[in-house]
Amino acid sequence: MNTQIYRFKKLIAITLTPVIFAACSAGPIKPEGADMARNNLIQLQSDPQLASRAPVAIQEAELAVRAAEVPQEDVELGRHLVFMADRKIAIATYQAQSRLSEDQRKMLSEQRDNARLDSRTREADRAHMDAEIARQQAADLQRQIAELNAKDTDRGLVVTLGDLLFDTGKATLKGGTIGHLNKLAAFLNQYPDRTVMIEGHTDNVGSEDFNLGLSQRRANSVMTYLIHQGVASNRLTAYGKGENFAISDNESATGRQQNRRVEIIISNTAAGQ
Amino acid sequence: MTHRLTRMKVIGVHGSLLQLITAVAILFSLVACATVPQPPNQELAAAETAINSADQARAVDYASAELQEARTKLAAARAAVQQEKMILAQQLAEQSRVDAELALAKAEAIKAKEINDEMMKSTDVMKQEMQRNTGDKQ
């Protein structure tokens, strides 16, 4: 009796199984788009930048994709589940991207701080360099003053040009000593804030009037030469002082030669020091 | 041995009876459900909450299409409730919710990236300025 029932059951099972399978294959199908959703999810899950940054959302997307992958009789339901899966994947992706941006922000702010620090360091370096340049310039000035044989006096820097500049009784500059004047012109062009007084002096040979006139003409000659060298005329004044400001005795030839001179007084200014 | 088998069979027969009763009960309850469908209130509320959250995050500025879709679907879900198409209503409400959540996530991602871009830009400007300044001196 038992065996009979068992046999009958087995027969039914054998007969029905193919029928059921046939029904299955004809009925529920995997919803369209589920495979695509799975691919998209795999892509997100294998993205080294994003995969670890939205674990909860990715898990939800995983569940949604699994639900979408189940074969459905109801095509509309299948479509709905695929839609939900697609959206969950997109949400997870955006959340991971947000998190990635936040994580990158620390690095970006470090970069910005470094750039700021760099710019300040360079600014300080630049200030240091400016100071160095100023020091260099001051040293240059001292060297140039020494080269010009200038004396630092209360009236300013005094450069004395000897009478070798001029022929006796003449006011025309001689070629030989012009090098010294060129140095002076270059110096004046380098320090445009300084004004210049040019004073002509003579010995006591000849009449006082003549000497006054001669000293004025000689001072003018020097001024004209400096103007030709590019020194602005409004910085220059020329005076003929005649024979009354001797710096040596007029008794000896050497003394008289020292008295025949042109003095150039360069004002001391705060600028350029 | 045989005795035990017979006992099991008896239990089996009883089990089948129980299953039949249960099946009938479930069938009845399903029929009952079908005749008095419940609106998907929970899903509708969730969709509304999600839309509000997206609104507060100014998603309209960054993901207006997604937000609009969420609103349209919520309205459609409510219309489906009116027509007593509760399954459709539930699906639409669920879709509305994920649309709104997507709008929010997208807006947040764009905002986060904008901040980073701004930071990179200011760093670049600083670097360029620095190069220009040093260039002047050299």
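Which element of chain B has the lowest mean pLDDT, and which the highest? In this predicted model, the lowest value among the elements of chain B, a mean of 60, belongs to helix α1 (residues 2-35) of chain B, while α4(B) has the highest, at 97. Over the whole of chain B the mean pLDDT is 84, and 76% of the residues reach 70 or more. Where pLDDT is low, the predicted coordinates should not be read in detail. For the model, the scores are ipTM 0.72 and pTM 0.56.

The two chains were then described by their secondary structure. Chain A contains seven helices and five strands. From the N terminus on, the elements of chain A follow the order α-α-α-α-β-β-α-β-α-β-α-β. Chain B, by comparison, has five helices and zero strands, and its pattern along the sequence is α-α-α-α-α. Of the 273 residues of chain A, 28% are counted as buried; of the 138 residues of chain B, 28% are counted as buried. Contacts between residues at least 6 apart in sequence were also examined. In chain A, 73% of these contacts join residues at least 24 apart, and in chain B the corresponding value is 74%.

The contact between the chains draws 27 residues from chain A and 27 residues from chain B. On the side of chain A that touches chain B, helix α4 (residues 75-147) of chain A supplies the largest share, 26 residues. By residue class, this side of chain A is made up of eight nonpolar, ten polar and nine charged residues.

In soluble globular proteins, nonpolar side chains tend to be buried together. The largest nonpolar core in the model has 49 residues, and those with the most contacts inside it are A:A85 and B:A103. Elements of both chains give two or more residues to this core: α2, α3 and α4 of chain A, together with α2 (41-56), α4 (64-82) and α5 (86-137) of chain B. Apart from neighbours within four places in sequence, B:A103 is in contact with B:A54, B:A59, B:A63, B:E66, B:L67 and B:A70. A second, separate core consists of 22 residues, including A:L148, A:L188, A:V222 and A:V231.

The buried residues of α3(A) are A:A57, A:I58, A:A61, A:A64, A:V65 and A:A68. Because these buried residues fall within an arc of 120° when seen down the axis of α3(A), they line one face of the helix. The buried residues of α3(A) pack against α2 (34-45) and α4 of chain A. On the other side of the helix, A:P55, A:V56 and A:Q59 are exposed.

Leaving aside neighbours within four places in sequence, the contacts of B:A89 are with B:P39, B:P40, B:A77, B:A80 and B:V81. The C-alpha atoms of B:A89 and B:A76 are separated by 7.5 Å, although these residues are 13 residues apart along the chain.

Two loop residues of chain B were examined for their backbone angles. Most residues other than glycine have a negative phi. B:R58, found in the loop between α2 and α3 (59-62) of chain B, has a phi near 55°, a positive value in a residue other than glycine. B:E84, which lies in the loop between α4 and α5 of chain B, has a phi near 60°, likewise a positive value in a residue other than glycine. B:R58 is exposed because it has 12 other C-beta atoms within 10 Å, and B:E84 is exposed because it has 11.

Notes
Residues numbered from 1 in each chain as written. Chains lettered and ligands numbered in written order. Predicted model: local features only at pLDDT ≥ 70, side-chain atom pairs only at ≥ 80, totals over all residues. Contact = placed C-beta atoms within 7 Å. Helix = DSSP H or I, 4+ residues; strand = E, 2+ residues; numbered from the N terminus. Nonpolar A, V, L, I, M, F, W, Y, C, P; charged D, E, K, R; others polar. Buried ≥ 20, exposed ≤ 12 C-beta atoms within 10 Å, placed from the backbone. Arc of directions from axis to C-beta. Core = buried A, V, L, I, M, F, W, Y, C linked by C-beta atoms within 7 Å. pLDDT = per-residue confidence, 0-100.
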